[in-house]
Number of protein chains: 2
Amino acid sequence: MGTVLEDHQYVYPNMNMEQCKSRVAVPPPQPFFKSLQGSLKETFFPDDPLRQFKNQPRSRKFILGLQYFFPILEWGPKYTLNFLKSDLVAGITIASLAIPQGISYAKLANLPPILGLYSSFVPPLVYAMMGTSKDVAVGTIAVGSLLTGAMLSTAVDPNQNPKLFLHLAFTATLVAGIFEATLGLLRLGFIVDFLSHATIVGFMGGAATVVCLQQLKGILGLTHFTKSTDIIDVMHSVFSQEHQWRWESAVLGCGFLFFLLLTKYFSKRKPIFFWISVMSPLISIILGSLLVYLTHAENHGVQVIGFLKKGINPPSFGDFVLYSPYFPVALKTGIVTGIIAMAEGIAVARSFAMFKNYNIDGNKEMVAFGVMNIIGSCTSCYLTSGPFSRSAVNYNAGCKTAFSNVIMSIAVMITLLFLTPLFYYTPLVVLSSIIMSAMLGLIDYDAAVHLWKTDKFDFVVCISAYIGVVFGSVEIGLVIAVALSVLRVLLFVARPRTTVLGNVPNSICYRSVDQYPAAQTVPGILILEIGAPIYFANSTYLRERISRWIDDEEERLKSSGETSLRYVILDMRAVSCIDTSGISMFEEVKKIIDRRKLQLVLASPGGEVMKKLDRAKFIENLGQEWIHLTVGEAVGACRYTLHTYKADGQPETWSNNV
Amino acid sequence: MGTVLEDHQYVYPNMNMEQCKSRVAVPPPQPFFKSLQGSLKETFFPDDPLRQFKNQPRSRKFILGLQYFFPILEWGPKYTLNFLKSDLVAGITIASLAIPQGISYAKLANLPPILGLYSSFVPPLVYAMMGTSKDVAVGTIAVGSLLTGAMLSTAVDPNQNPKLFLHLAFTATLVAGIFEATLGLLRLGFIVDFLSHATIVGFMGGAATVVCLQQLKGILGLTHFTKSTDIIDVMHSVFSQEHQWRWESAVLGCGFLFFLLLTKYFSKRKPIFFWISVMSPLISIILGSLLVYLTHAENHGVQVIGFLKKGINPPSFGDFVLYSPYFPVALKTGIVTGIIAMAEGIAVARSFAMFKNYNIDGNKEMVAFGVMNIIGSCTSCYLTSGPFSRSAVNYNAGCKTAFSNVIMSIAVMITLLFLTPLFYYTPLVVLSSIIMSAMLGLIDYDAAVHLWKTDKFDFVVCISAYIGVVFGSVEIGLVIAVALSVLRVLLFVARPRTTVLGNVPNSICYRSVDQYPAAQTVPGILILEIGAPIYFANSTYLRERISRWIDDEEERLKSSGETSLRYVILDMRAVSCIDTSGISMFEEVKKIIDRRKLQLVLASPGGEVMKKLDRAKFIENLGQEWIHLTVGEAVGACRYTLHTYKADGQPETWSNNV
C-alpha cells in the first residue's frame, strides 16, 4: 500500500483536503435554445454540411446550393481529358458487365429481361449528376431483384398476369425512391447504421445462397419450379423432377460456370486476368448465343431469351397502381427493397471513398438514390442502387469520376437501339451461370470466421440471419436480422458493465481487477466503475447491481475477517450522460448506502452529469466534499477521514504525509 | 505548460518510455463457455436468485425452491401476533377503500360492478402466497380498467352484447396473466425498464385526465355519451347536451368530490385526518346511498347501481373465447393491459420496498401477478395488479406482511356473501366522484416541473405522452410514449458524446474543455474522449465525428498559425465494450489518420476492448507503443517523440525531465 500513498504525495504535495472540494466543475450554464440547437445539430447534421455556406455572399450561396444538390456542377468544370480517358475505359468495362447482369437480374425479379437494360440506361445518368461517390456504378442489385420478385409474387402471379406484375414493380420502385429521398432529406440516414455489419454479412450470404439455389431451375432446364425460396422446398422441387433434368442445359451451365469461376479465381493474380474476368460474362453470352445459333439447341431443351424489343425506355408514369387493392403489397415491397438497396449502395460508396480518401455524404447519397429511382420508375426501370460487383469493377478499371456511369449509359443505349436482336439466341442457362458466379462471391466465409474469432454474439447474429434467409425466406431472415440487431442495442444499453477497480501497482491509476490481476483493492473502500451512460433503460439494473456488489464485498470481508467496508466510490468517468431516471437512481443508491452506514463518494463525473446532478440538488444532498476529480483523490480523501476519525486518534499513514 | 511536465516528473520519476509499452494489459483469456455463462447470467439473472441454493443438501434445496415460488412459506412460520394486529388494521382499512374503488373501476371498464368485488377477493389471496412485496395491496387499476373497456369496445358493444363483452374481458385477463407469468419465468423483466419514468409520468397523467373527463357523464347524469376518450369528442359530447344535464346529480357529485378532496388535502397534516381520508370513499358511499334511499332521488335523475348478485365468484373458465373471431382483440388487449398493469405493480412494489429497505424480485413479482391473473380469469375476475392508491393506504395503515391482502379478501368475501343488497341505492355519481378524486392524485405536476428543470428532452417525452393520451387515445399515447422511449435509447446509442480534453491546471488530469474552461490543450496533440461503448449503431457516426474534430482542429491551428497537428489521442476510458463494427471503425480511423500523416494513440482502453482489438490484430497493426494506460502518459510519450525527432535535435522541455 505504501507506494500508493507515496504516489499521492507526489501528485499533490502542497494540497490539503479542503482544496479538493470545489475541483469538480459544474460546466458554465448554456441557454436552453443554444444547447437544444447543439444537440439537434449533432443528431441530424453530424457532418456539418452547411459549413461551406458560412460567410459567403448571396450569389455564391446560390451556386453552392446548386452544387450541393448537383455535385456534377462542382467537378464538371474541372473535368480534364485525362479523366475522360480513364472514365471511357471504365465505362465500357462496366457496360460489358452491366448488359448480361441486367438481363440476368431482371429474370431473377420475374420481370422481362429488357427491363434490366432499361434500368442501366436512365438511373446512371441521374446518379452521375447527383451522386457524391466517384466509384459507384449504378444498376440493379441481386438481392433487391430477388426480393422484388418474391414479395410481389405473393400477390400476383408473374406468368398469369405479367402486365399487372410489371406495374406493381414500377410502383414499388416509385415507393422505394420516395422513401429513400425522404429519409435523405430528413437526414435520417443513420437508420441504415442500425443494420450491423454482422447482420449484413449473414443476410447477404443467405440471399446469395438462395439466389444460387434458384438458378438450379435454369441450369437443369426445368420448366416447373417452386415459388418459395427456402432450401427445403427448392431441393424437393429439384429432386422430385429428376426425369425432367436436361443434360444439354446442365452441361452448358456447368461449363460456363466453371469458366466464370476460373477467370475470377485468376483475376487476382495478374492484371491481364482482371480484364478477362470482367469480360467473361459478355464472352459467355456471345459464346453461348453462337453455340445455340449454330447447333439450334433451342429445339433441344435449351431455353433462350427470345425477342427483345428495340428502342430506349418507354415512359411508364401512367402505369402506377396507386389506387388498386394491390398497392399495399407494392408499398411494403418498396420500403423493404428501398432500405436494402440503400444500405448496399451506401456501404459500397463508403468503402470506395475510404480507399481513395474522399468523403461521401450518406444523406446526399440517399437523395441521389431516391431521385434516381423516382425518375427510373417513370421510365420503365425497376429498383437500382450501387451494386458491389459492378462498382468494384468500375474502381479496378480506373474510373476517375461518376462520368463512367454516363459512358456505361451510352453503351447500353446503343445496345438498346441497335443490338437487342443479337440476344435472341442467348441461352437462359448462361444467365444462370453469370448470376451464380456473381453470388458465390457474396458469401463471405472469411468475414464469418473473423466474427467468430472476435465476437461470438455477432457471429450468432450473422448465422441466425443466414439460417433465417436460407431455411425461411428473405423476409424472415431480414426480420430476424433487424430484430437481433435492435435487441443487441437494447441489451447493450440495458446491461452496462460495472467493474471493481483496484490500484495498479507503481501508479496512481485505478483499473479493473479483471483486466489487471495485479491491481490491489483498498481496504475498507469499494471502488466501482460504471461503464456506460445511465438512462431509464439501465438505471434499475445499475441500482440492483451496485447493491449486489456491496453485498458481495461485505460478505467477502466478513468471511476473510478483513476491515469492514466504509466507503463506496463510484467512478463516473464513463458516464458521459444521464437522464432523470439516472438521477433518481443515484438518489436511491445514496439511500441504500446510507442505510448500511456507508458513505457514497463520486469520482470524476463529467460535465453533463454534474450539471444535472446539480439541478436536481443531488450535489447539495451528497455534499461537495464527496465528489472528486479522480479515483485516486477520492481514495485519498476517504483514507484521510478514515484515519482522522479512528478511535485511537493515531493517524499513521496518509494523513501524516499531507 | 511547466506544471504539467513537473507533475509527470512526480508520477513516474524513474520511468522511461519503454516501460510504458506493455502496461495496458490484455485481460487473461477466458474459455468461451465461461464468458458466455457470465454474460447470460448478467443479462437474465442480475439479482443472482440462485445464490442461496449454493452448497445446500438436496432436501434443503427442495424447501428453498418451494419458498422461492411461495414466499409465504418463508415468512409464514415467523408470523407473530403483533404482525397480525397491524395487518388486521391495514387489511380492514384497504377493504373499506377496495369495495367502492372496485365497483367504480368496473364501471370504468364497462363491466358489471360486481366484478370489481370479485376481483378484490381471489387475486389478493394468490398474491399473498406468491408475492415478495409486503406492501402491495392487490386490486383493479384505473388505467388498466379504462384500457380494457376502451379496447374491447372497439370490437363489441358492451350494451348490446354484454355477455360476449364479459367473456372477452376474461379472455384478455387470461392472456395478460399468461403473458406476465411467461415474461417473469423467462426473466425478461427488464422489458418494463424500457418505459422510462418520464413516459410513465406523462402517460399516467394523461390517462388520469381522460378518466376524469369520462366521469363527467356520471356527474352530469348523462345517459348518452361518446365512446371515444379524446378531450375534443368528450367536450363536444358534454356541451352538445346541455339541456340533458341533471342538477341533482351534479350537486351530489360536486359535493362528494369536494368532501373527498378536502379530506385528502388535510390527510397530510395530522394522523387522524389520514384515517378520515382513507374512510372517506366508504363514507361517501354510505352517505350517498342513505341520501338516495331517503329522498328517492333515483326517480329524479340520479342513477343508482341497482341489484347486485349475492355470493362469491362463480367459475368462469368455460367462458374463454379462444376460437372466436374476437380472440385477436382479446389478445391485443391482454398484452397491452398486461404490460401496463405489470409496470404499475412493479413500480409500486419497488418504491415501497425502498422505503422499508427490503428487496423485491421483479421477475418473481411478474410471475405472481401472472398467476394471480390466470387464476382470476378462471374465477370471474378481470385484470388486477398492485394499484398505487391502495398500496399507499396499506403502507400508511402500517401493514407488516402480505397477510393484509388476506384480511382485505375476507372482508370483501363477507361483503359479497351478505352485504351486496346494501349497494342497491348507491348513486353512480358518488362512484364518479371517488374515481375523480383518486385520479387527480395521479396527475403529477411536480414531477413534470422537475423534468423540465433537469432534462428538457425527458419533459418533451412526458408531454408528448400526455398530449397523445388526452387528444388522441390511450393507445396512441402509449404508442407515442414507447416509440419516444425507444427512439431516445437509439439516439443515445447512435450519437455518443465526443469531447476535446485539455490538461486541468495543477494536475495530471485531462478533462473536457467544456466542463473545465481553464483546461489547456496541448500543442500538436488532439485529445478526444469517446463517451460511450462503440457498437455498429454508432461506429459510422464516430468515424465521421473524429474526422471532423481533426478537420476543425487543423483549420483552427492553421488560422492561428500554431504548431501543426501531429498526434490524435483517443481516450477510451468510457468505451467499456465494443463489437466487430467498432473494431472496423478503429481500422478505418487509423487509415484516415495515417493518410493525414498523423499518429493515432489510444489511452486507457478497457479489458474487453483490449481483448477484441488484440484478436482482430489491431494492436499489432497500431503498435503496442501507441497504447497507454492514461492520457497523461500518452501525452508524455507523444511529446517525447515529438522532441526527439525534431529537426534541430534540441529537445528542450519534457525529454529533459525524464
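Start by selecting residues 515-638 of chain A, where UniProt, in an unreviewed entry, places the feature "domain: STAS". UniProt positions follow the numbering used here, feature names are shortened, and annotations may be inferred rather than shown by experiment. Over residues 515-638 of chain A, you'll see 51% helix and 15% strand, and the end C-alpha atoms sit 25 Å apart. Helices (H or I, at least four residues) and strands (E, at least two) are DSSP runs, numbered from the N terminus.

Before moving on, a quick word on the ground rules. This is a predicted model, where local features need pLDDT of at least 70 and side-chain atom pairs count only at pLDDT 80 or more, while totals for chains, interfaces and linings use all residues. Residues are numbered from 1 along each chain as its sequence is written, and chains are lettered from A and ligands numbered from 1 in the order in which they are written.

Next, color chain A by domain: domain 1 covers 81-225 + 232-305 + 325-490, and domain 2 covers 496-657. These bounds come from an automatic or database domain assignment. How far apart are the C-alpha centres of domain 1 and domain 2 of chain A? They lie 56 Å apart.

Stay in chain A and pick helix α9 (residues 142-153) and helix α15 (residues 327-356), which pack at about 165 degrees with their axes 10 Å apart. (Axes are lines fitted to C-alpha atoms, for helices over the stretch in contact, and angles run from 0 to 180 degrees between N-to-C directions.) So α9(A) and α15(A) are roughly antiparallel, the word for angles over 145 degrees. Show the side chains where they touch: among them are A:L147 and A:M151 of α9(A), and A:V336 and A:I340 of α15(A). Contact here means C-beta atoms, placed from the backbone, within 7 Å.

Now bring in chain B: 73 residues of chain A are in contact with 73 residues of chain B. Chain A's side of that has 35 nonpolar, 16 polar and 22 charged residues. Ala, Val, Leu, Ile, Met, Phe, Trp, Tyr, Cys and Pro count as nonpolar, Asp, Glu, Lys and Arg as charged, and the others, Gly among them, as polar.

Last stop: helix α13 (residues 247-267) and helix α14 (residues 271-295) of chain B, whose axes come within 7 Å and cross at roughly 165 degrees. That makes α13(B) roughly antiparallel to α14(B). Look for B:F256 and B:F259 of α13(B), and B:F273 and B:I276 of α14(B), among the residues making the contact. By class, the contact has 9 nonpolar, 6 polar and 1 charged residues.

Definitions and conventions. Two residues are in contact if their C-beta atoms, placed from the backbone, lie within 7 Å. Angles under 35 degrees count as roughly parallel, over 145 as roughly antiparallel, 65 to 115 as roughly perpendicular and the rest as oblique.
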